[in-house]
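Please open the model in a viewer and keep the selection tool at hand.

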Amino acid sequence: MTALTLSTSSAATLRADAIVVGVAKGPKGPVVAPGAEAVDAAFDGKLASVLQTLGASGGEGEATKLPSPAGLKAPVVLAVGLGDLPSDGEGFGEEALRRAAGTAARTLTGTKKAAFALPVPDAESLAAIGEGALLGAYSFTAYRGTDGKKGEADKNAPLAEAAILGAKPRDKAHKAAAERAAAVAGEVNRARDLVNTPSNDLFPKSFAAQAQAAAKEHGLKVEVLDEKALLKGGYGGIMGVGQGSANAPRLVRIGYTHPKAEKTLALVGKGITYDSGGISLKPAGHNETMKCDMSGAAAVFAAVVAVAKLGLAVNVTGWLALAENMPSGTATRPGDVLKMYSGKTVEVLNTDAEGRLVLADALTRASEENPDAIVDVATLTGAMVLALGNRTFGVMANDDAFRAALHEIAEEVGEQAWPMPLPAELRKSMDSPVADLANMGERMGGGLVAGLFLKEFVGEGITWAHLDIAGPAFHESAPYGYTPKGGTGSAVRTLVRLAERTADGDLG
Ligand code: BES
Ligand code: MN
Ligand code: ZN
């Protein structure tokens, strides 16, 4: 991954391949943001007017490359838009800095070292810039053949080093901010790699093997239930979804503990390594990106490792419910009844509503350990994408304060989220004539129906929230800010901040 360094050098004398400066949208044109004073001076104080001449406005997402004037060591200046100039006395928002740094790092693909001369009024701004740079520099190259063309590989190589200017490398808060940014971004990028890895290489067993390797590296406890153990243990939901595939299912428990922890969080991730729909097969046009259906499990796995890297004083247990949903002669049929791990029976009306089946077993299992709270993360419903679009995840919960806290935490870390209800009257649409409930109900409010299904499997009295990340998990259009095409690592940052808040005793 890109290296993140803090530097006290001046923008004028630092050896780098490019200097990144911020430009905001002022009432009368672009305004050069603080941090870029030395660069502006090299332009005789005319950087803003030069940018205006080139058509730059300071709007979010803008990136303008300029050749450096005499007086700057770096050959290129890259001006990135920060959006509207904040009103007097207010600083730039963290998300504006994160996105601008991301745009810069992405634009500088193929560059070795970039110096970021963006506003760093405090440690939070530093963290946002660092995170944005490391996330924006991400690229998934594992499957790119370069046919021995070395030049091609260099051109596509992610930015090798992001040096943040104006930071204080010896300041405790600044050092901690940079370390946190590297740990969190590194794990968001781990989740992205997992999501982007095609299903012929990432299946339940190989996913579990990655969890085992990371557990060894970071001192985590890991347990893997294979298909034999799942069958013996009565995990009818996970087995029912996985039994149609040549790649057998797994349930992974990956646990981080801290000796001073007072609280325990359980995180449960949907890990459908490929969702074909099963016998209720998805039509062409709906299955091309379904390698992304394990994004919830990827987020949970990455968040647990991030918490371990940060050494937070909280226990966090990750549950990865891994299965491949395929049609075959051994697959679950619509109309089949599954006996779930909880003992409840479920009539499978639609084998494409498989996420809730694997999550149900994992939620019951997680509840047995009586954690202080459970959060599940899942690419669960197309209905949530229709409701909230491609960038916002839905937050449902059995506790209003916990739902509000997760929404607030998501906004704080720069993830778009919105609270959704669990209307009790929708539950009866899942009544089944043959089983305790069906895996499908009314189509209207389908995302909430799915949430109500999950709620049935959460242990009595346990605070629980459900994040439906079907929209933001996989980004299909052009990259923006620090968000690349493909896997985004959605929810990792929210889960890590939730763990931090829990460790700090800020939550219930
Ligand atoms: N994995 C899908 C949901 C999904 C859709 C994720 C689009 C990402 C993008 C899920 O398993 C699914 O197929 N859900 C069905 C449920 C329905 C059959 C009740 C859906 O949303 O159509
Ligand atoms: Mn499905
Ligand atoms: Zn699915």
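The model is predicted, so local features need pLDDT of at least 70 and side-chain atom pairs count only at pLDDT 80 or more, while totals for chains, interfaces and linings use all residues. Residues are numbered from 1 along each chain as its sequence is written, chains are lettered from A and ligands numbered from 1 in the order in which they are written, and side-chain values use heavy atoms, with hydrogens and water left out.

Val-375 is buried, at a relative accessible area of 0%; buried means under 20%, exposed over 50%, and partly exposed in between, with a 1.4 Å probe and protein chains only. Leaving aside residues up to four places away in sequence, the contacts of Val-375 include Ala-266, Leu-267, Val-268, Phe-402 and Leu-498, a contact being heavy atoms within 4.5 Å.

Select the manganese ion (ligand 2) next. Its coordinating atoms come from Asp-275 (OD), Asp-352 (O and OD) and Glu-354 (OE), at 2.0 to 2.2 Å. Donors are N, O and S atoms within 2.8 Å of the metal (3.2 Å for Na, K and Ca); water is not among the atoms, so sites may look incomplete. The six donor atoms of the manganese ion (ligand 2) subtend angles of 69 to 168°, which makes the arrangement irregular. Six donors count as octahedral if opposite donors are over 155 degrees apart and all others between 65 and 115; four count as square planar under those limits, or as tetrahedral if all angles lie between 85 and 135 degrees, and anything else is irregular.

Which residue bridges the manganese ion (ligand 2) and the zinc ion (ligand 3)? Asp-275 does, and the two ions lie 3.1 Å apart. The pair Asp-275 and Glu-354 links distant parts of the chain, with Asp-275 in strand β10 (residues 264–275) and Glu-354, 79 residues apart from it, in the loop between β13 (345–347) and α11 (355–367). Asp-275 is buried at 3% relative accessible area, and Glu-354 is buried at 0%.

Move to the zinc ion (ligand 3), which is coordinated by Lys-270 (NZ), Asp-275 (OD), Asp-293 (OD) and Glu-354 (OE) at 2.0 to 2.4 Å. Its six donor atoms give angles of 78 to 175°, and the site is octahedral. Lys-270 is buried, with a relative accessible area of 2%, and Asp-293 is buried, also with 2%.

Select Glu-415, in the loop between α13 (400–413) and β16 (417–419). Glu-415 is buried yet has no salt bridge; Arg-493, the nearest side chain of opposite charge, is 4.3 Å away. For charge, Lys and Arg count as positive and Asp and Glu as negative, while His and the chain ends are not counted. A salt bridge is a side-chain nitrogen of Lys or Arg within 4 Å of a carboxyl oxygen of Asp or Glu. The side chain of Glu-415 does reach the backbone nitrogen of Ala-491, at 2.8 Å.

Ala-491 itself lies in the loop between β20 (486–487) and α15 (492–503). Most residues other than glycine have a negative phi. Ala-491 has a positive phi of about 85° although it is not a glycine, and it is buried at 0% relative accessibility.

**Salt bridges**

The count comes to 29 salt bridges. Select Glu-131 and Arg-180, which form one of them, with the closest N and O atoms 3.4 Å apart. This pair links distant parts of the chain, as Glu-131 is in helix α4 (residues 123–136) and Arg-180 in helix α6 (residues 172–196), 49 residues apart. Glu-131 is buried at 4% relative accessibility, and Arg-180 is buried at 16%.

Finish with Asp-400 and Arg-403, whose side chains meet in a salt bridge (3.0 Å, N to O). Both residues lie in helix α13, three residues apart, about one turn of the helix. Asp-400 is exposed at 57% relative accessible area, whereas Arg-403 is buried at 18%.

How values were computed: Helices (H or I, at least four residues) and strands (E, at least two) are DSSP runs, numbered from the N terminus. A polar contact is a pair of N or O atoms within 3.5 Å; within protein, one must be able to donate a hydrogen and the other to accept it, and residues adjacent in sequence count only if both atoms are side-chain atoms.
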